Amino acid sequence: MVKKTVLKVDLSGDKGRKKLLKAISGVQGVDKIEVDAAKGTISVTGDADPYDIIVRTRKVGKFVELVSVGPPPAPPKEPQKKPEEKKAEPKKDDKKTDPNPQFHYPVVYMDRYNEPNVGCSIM
C-alpha cells in the first residue's frame, strides 16, 4: 500500500542533505522524495516502511521527528476541455532543403569497433 511519510529533519548543509537523500533513496519501496528546506521536512512516498526510513535517517546522523504517515494526496483532477475546432492551415512542403546543396555527403558515424581497418597504421 502506498503511503506518504513526512519527517522533520535538520537540513542544514548540502553535504548532509545529499547523504540523507542517498540513504532514504536506498530504502526498498521509495518512489518519490520531496524536500522542503524552508519547513525542514522531507516527504517520502511509496511502499517503504516508515520505520526503515527513520532508521536509515538516524544512521546518517540526523535527528528525525515523524510528522505524519498516511495515504498520499489524490492527484488533482483536470476539468474536461471541449475539443477545439482545428483551423485549416496551409500545408508546408515536407522536403528538407539543404543549406549548401553542392556539398552533400552522407555522414556515417563509426566507433573504434566498427572501423574497417582495425590495425594501427601511421603514414
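This note goes through the salt bridges and the strand pairing of a predicted model.

1. R17 and D14. The side chains of these residues form a salt bridge with an N to O distance of 3.2 Å. Both residues belong to helix 1, which spans residues 14-25, and because they lie three residues apart there, about one helical turn separates R17 from D14. As for accessibility, R17 is partly exposed at a relative accessible area of 26%, while D14, at 54%, is exposed.

2. K32 and E34. Here the side chains also meet in a salt bridge, with 3.0 Å from N to O. K32 is partly exposed, its relative accessible area being 43%, and E34 is likewise partly exposed, with a value of 34%.

3. Strand 1 with strand 3. Strand 1 (residues 3-9) is paired with strand 3 (residues 41-46) in the antiparallel sense, and six bridges connect them; within this pairing, T5 is found opposite V44 of strand 3.

4. Strand 1 with strand 4. Strand 1 also pairs with strand 4, which covers residues 64-70, again in the antiparallel sense and over six bridges. On this side, V6 has S68 of strand 4 as its bridge partner. As background for reading the side chains here, in a regular strand they alternate between the two faces of the sheet.

Terms used
Residues are numbered from 1 along each chain as its sequence is written. This is a predicted model: local features need pLDDT of at least 70, side-chain atom pairs count only at pLDDT 80 or more; totals for chains, interfaces and linings use all residues. Side-chain values use heavy atoms; hydrogens and water are left out. A salt bridge is a side-chain nitrogen of Lys or Arg within 4 Å of a carboxyl oxygen of Asp or Glu. Helices (H or I, at least four residues) and strands (E, at least two) are DSSP runs, numbered from the N terminus. Buried means under 20% relative accessible area, exposed over 50%, partly exposed in between (1.4 Å probe, protein chains only). Two strands pair if DSSP finds at least two bridges between them.
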